[in-house]
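Visitor: I'd like to learn how to read a fold like this one. Can you walk me through it?

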Amino acid sequence: MQEMNNPTALRDEYLLEVNNLVKWFPIKSSFFKRTIGNVKAVDGVSFKIRRGETMGLVGESGCGKSTCGRTILRLQEKTSGEVRLDGQDIFALNKDQLRKLRPRMQIVFQDPYSSLSPRLPIGEIVGEAVREHDIVPPNEFDDYITRVMDVCGLPPYYKDRYPHEFSGGQRQRICIARALALSPDFIVCDEPVSALDVSIQAQIINLLKRLQADFGLTYLFISHDLSVVEHISDTVGVMYLGNMVEYAATEKIFANPLNPYTQALFSAIPIPDPDAHIHRIILEGSIPSPANPPSGCKFHTRCSHCTEVCKYAPPEWLEVEEGHWCACHLYDDADAKARADEAVRKARSGEAAGKAV
């Protein structure tokens, strides 16, 4: 089965590089259809993923996780920024070049019920893109699909059945087989276990880990379940309202979360011990609208550590300790603090001028 994945020579330590990625959705007026604002779904996100590793991406609903994953795959066009897969700028490719690159980057969608066509048998669902991209010769097609399904725990007689005949866990295995059939290097797992019960979640997670070990796959794993993310991820990024607020190796970020939002998020992880004392951090208020985010630090309206500078100056993305990045004024170095104070001074001068007028 090893022939399904032919890894390229290691030209670089990182397979995926995302630099200042922005994706805004325009808000149109009802009559003239003019753009009157933007929903800032992804607002300047940067990270890297090493070959053969998994990066977990977490955050509240509506923070931009799924939009980030889909934009990375160019399922929707960016507003600005850069995404490089194996050194290639994905958004600089023309239609034909992008089509050749498509098999190398795949996605497993969140809902296994709506992501499979009810009109196609399983063999055709798994093999449709294989035939389209000429992955194998026609005379080897049937055997190839059988091998792909077998790797994902699907018996060959499933090929003639339809999606409505399967449970949620089986359908998600079909979705994984469909992605794996194209011999990808990179897979976005967009909350692949959120619709499944706990026992089936464990089976799917173990399948993903086994496939990664066998074929050298690289994952971006988007999830709400922090326990699952801790189990499967090598690194973790935390998003809030379109921005990355913290990034580090899994062990480091779970042992010592720096950003107040990350601390609140991680305090919600249940501990299977009735005698354990849990210090739960309750965030007051609701997440602001991405169409009209707060000035300065977007989290300052809900943060117990908020100071005056947080209301005016966005925090810089700084490496607080080796490999541990955070965007929070609590960890500003001398240069960042000076720039933040200058931003506060200019903002206050602007407010004073506005009141004078």
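Guide: Start with the surface: accessible areas come from the Shrake-Rupley method with a 1.4 Å probe, and for residues only the protein chains shown count as cover. Here the chain's accessible surface is about 17600 Å², with 51% of that belonging to carbon and sulfur atoms. This is a predicted model, where local features need pLDDT of at least 70, side-chain atom pairs count only at pLDDT 80 or more, and totals for chains, interfaces and linings use all residues. Residues are numbered from 1 along each chain as its sequence is written, and side-chain values use heavy atoms, with hydrogens and water left out.

Visitor: What share of the 357 residues is buried?

Guide: Buried means under 20% relative accessible area (1.4 Å probe, protein chains only). In this chain, 47% of the 357 residues qualify.

Visitor: And how do I read the secondary structure?

Guide: Helices (H or I, at least four residues) and strands (E, at least two) are DSSP runs, numbered from the N terminus. This chain has 10 helices and 12 strands.

Visitor: Which strands does strand 4 pair with?

Guide: Two strands pair if DSSP finds at least two bridges between them. Strand 4 (residues 80–85) runs antiparallel to strand 1 (residues 14–28), with 5 bridges joining them. Strand 4 also pairs with strand 5 (residues 88–89), again antiparallel, over 2 bridges.

Visitor: Where does Arg-84 come in?

Guide: Arg-84 is the bridge partner of Glu-17, and Arg-84 is also bridged to Asp-89 in strand 5. In the hairpin of strands 4 and 5, 2 residues lie between the strands, and Asp-86 takes a positive phi near 55 degrees.

Methods: Buried means under 20% relative accessible area, exposed over 50%, partly exposed in between (1.4 Å probe, protein chains only).
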